[in-house]
Amino acid sequence: MSFNSDASSPSTSSPAASATTRDWIFPSYSSVHSPHNIRRTPRRKRFSSYHPQPPQFNSGTASLAVGDDSNSVRNSVSRLRPWRFEFGNNEKSTSLLTDGFDGGAGAATKSNDAVSSEKFEVKEDKTTASEKTFSGFLRGKLRVRWQLASTISILITVLSSLVHKNFSLHKEVTELQDQISKFNEILKLCNLLDSTDVYNSSLQDVFVDNLPSKSLKTAALAFSIMFLSLPFIFFKYVDYVSNSRRLLDNNTEEVSLNKQLAYSVDAFLSATPYAKPLALLIATLLLICLGGLALFGVTDDGLADSLWLSWTYVADSGNHANSEGIGPRLVSVSISFGGMLIFAMMLGLVSDAISEKFDSLRKGRSEVVERNHTLILGWSDKLGSLLNQLAIANESLDGGIVVVMAERDKEEMELDIAKMEFDFRGTSVICRSGSPLILADLKKVSVSKARAVIVLAEDGNADQSDARALRTVLSLTGVKEGLQGHIVVELSDLDNEVLVKLVGGDLVETVVAHDVIGRLMIQCARQPGLAQIWEDILGFENCEFYIKRWPRLDGMQFEDVLISFPEAIPCGVKVASRGGKIILNPEDSYVLQEGDEVLVIAEDDDTYAPSDLPMVLEGNLPKDELIQKSFERILLCGWRRDMEDMIMVLDASLAPGSELWMFNEVPEKERDKKLIDGGLEIDRLSNIILVNREGNAVIRRNLESLPLESFDSILILADESVEDSAIQADSRSLATLLLIRDIQAKRLPYREAMASQVHRGSFSQGSWIGEMQQASDKSVIISEILDPRTKNLLSMSKISDYVLSNELVSMALAMVAEDRQINDVLEELFAEEGNELHIRGADLYFEEGEELSFYEILLRARQRTEIMIGYRLAGTEKAVINPPSKNERRRWSLKDVFVVIAEKD
């Protein structure tokens, strides 16, 4: 067996010799005394403390010459240095070096990185004596090494035992000190109580407490360590299973097990509302329990004390500073570190919860817990006027609750409402962000408990707005709890009213904004000043309609009911026998039956009550004249969607032969088609003649082609092309108004202007505004205004009898929301047939110089089947509706005018 694994023989050797060549093995006796050639390797320095000087070789002795005489061999063997064995990593090394050979031959050692090794041959005639000497020397060296290793092992064992004994003694000393302290306490207790029984029992308890089961403590410590290692084992197992599946199945689309588990945890945390706090609670309990078990295993405390100590470490990470000993300190530091992590997670959860709550409140996601509130769905330019009217209506109730829900940010809505310059009078406005098409959002604003729900039309396309209103009504009718109040829907097109009422049924009251404004414009054009009266009646600032039952009036005729309310004016009766139908301006002979209610105009619902009948002289009319309709010429500037409806209303109210001029940018060939498609039959118009003119109403030369000075009334409409933008529509209407007034002022004769000059306002008579004021006395111009800021400008200049669309529609919506029965009254007052508001001259009721009370004039008006509700004195601009002191006499002027409810002329 060879000693050298790195060197190879330059000559060919037998297969057996090659097979037995190994590295770093101990040579056997037979191997040492083998007659075969001995391969020698250089000395390897591995973990040996002995470093002999390297042998010195002459350059001439690099190879070994083999002689024939035996003396040279003996000399070489005798000069061999002692054998040296080095032990490496699981390898055995034996190196045999010689100092040299006689006869000019020496032994050469080879380095570790030599590519080839030299071969030394020893003659086969080695003597038995030299072989024995070599083997004995080798066994002696091995014996010395094993003895040294045994000695070192014994020393290490003894040192370890001493260290362990030291720690054990230290622990016993600590335990004895604790017992001594407890015994001292017991002795003190015995001295105080002077009772041997107490001493014996306390001593027994101490021994019992201080003799815990060591096996139980070891088991507790092992269990805590094993439980902590379970997650790591589980994760390793999951990874192993995932990798195994991936290797076995070539289908890459299959989801791995760890991804499935991660998805399950994510779904649980997302779907369960209290998943995160629950996970934190479980983690805290596990940390306290495992930490308590670990402390129970490394300390002498009981299990309960260990659990409490673990909780203190979790709650306050600084408590572990008092721990003594390696084991307790290690466990306490681990528990404190876990407590810091749990505290950080708890802070994160609390911070997220608070931020989410404030974010929910800021964005209007919280639920409104109210009852008998007014709910407004949607957002438009009419909202400001609507809130103002609702605030005035709720003032008598010390304020109310109005909830606004729209698809806008809550902060933006609150900011826009805060910019509205009016007093809310104690009314609270609550904004919520949501969609009226979603039942969950409707439930969030307590829609089932609202006393009225107002659905606002969106700004923009009329058909899209009405379609959305229809879907909103469908959502409202689908509320499971049902609705306590009624629904007031603002529509843009009259054709969609039937469909909305079909869907909503008896719950729905509709207000068609476009139709209401169109009819008001026609009434105001024919009767200047009527717009202000309508604002007084529709708004809650002055007097409005109220319906209430008064049992004491049962059996009384209506002519007596008229003068039974000092603070109100009766206008009609809600007849119970006719299914609650409201009759405006009934006959004087109508007798109130049981269940009938009286419709009045009053300042508020709690400001009027019937009283005893006063003594009123009826008197006679000075003349019983029929007001004849006269020929009129009216100009419509602009084009509306409901143009055909306005034409039909004008045809029903104007005298035969009247002319209706239409001036707009719609080609004349398309106008007839649009009117026919809208349902108008031009051939059946009986009282008016249509005159078409094409042009732009904001271009002066187009307006100058019209006989503007000859029109009795001019209606400036918000054109259909710009009605989506209130500012743009108002700018166009205002420009048209100023151009028309300027053209009229230039064409008006100077003498007529001086004769009809009436100084109004603070403008000078020769100013441009003053000239247009003079022109306004010649004809009436009604402008459809959408923005209240434009209304203020026109009111200051006093050059137009205006109609403020948004404000009047908002008033009507608020009035119907407060009492849905008023919608029937408004519909009749706006309709082509039935009763409407009129402005009458004073000469129809009395002669010059008569001194009469308002009640006396009211009874004279009843002879004309009219109900007088107010008057406007000469020289004043504001009418008085429901005047006070109705039975007080005063002198009237024939220039005064009176407001009455009467059948259409």
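## Around R519

In this predicted model, R519 is part of helix α16, which covers residues 513-526. Setting aside neighbours within four places in sequence, R519 is in contact with V649, F830, A831 and E832. With a relative accessible area of 10%, R519 is buried, because buried means under 20%.

## Two helices side by side

Two packed helices are described by the angle between their axes and the distance between the axes. For helix α14 (residues 462-477) and helix α15 (residues 497-504), that angle is about 10°, and the axes are 9 Å apart. This makes α14 roughly parallel to α15, because angles under 35 degrees count as roughly parallel.

Which residues make the contact? From α14 come L470, V473, L474 and T477, while α15 brings L499, V500, V503 and G504. Sorted by class, the contact of α14 with α15 has six nonpolar residues, two polar ones and no charged residues.

## Aromatic pairs

Let's turn to the rings. Counting rings of Phe, Tyr and Trp whose centres lie within 6.5 Å, the model has 13 aromatic pairs. One of them joins F422 and F424: the ring centres are 4.8 Å apart and the planes meet at 55°, so this pair is tilted. F422 itself is partly exposed, at a relative accessible area of 21%.

How are the rings of F846 and F898 arranged? Their centres are 6.0 Å apart and their planes stand at 85°, so the pair is edge-to-face. F846 sits in the loop between β19 (835-841) and β20 (851-853), whereas F898 belongs to strand β24 (residues 897-903), so the pair ties together parts that are 52 residues apart in sequence. As for burial, F846 is buried with a relative accessible area of 2%, and F898 is buried too, at 0%.

Key
Residues numbered from 1 in each chain as written. Predicted model: local features only at pLDDT ≥ 70, side-chain atom pairs only at ≥ 80, totals over all residues. Heavy atoms only, no water. Phe/Tyr/Trp six-rings, centres within 6.5 Å; stacked < 30°, edge-to-face > 60°. Buried < 20%, exposed > 50% of the residue type's maximum accessible area, 1.4 Å probe, protein only. Helix = DSSP H or I, 4+ residues; strand = E, 2+ residues; numbered from the N terminus. Contact = heavy atoms within 4.5 Å. Axes fitted to C-alpha atoms, helices over the stretch in contact; angles between N-to-C directions. Parallel < 35°, antiparallel > 145°, perpendicular 65-115°, else oblique. Nonpolar A, V, L, I, M, F, W, Y, C, P; charged D, E, K, R; others polar.
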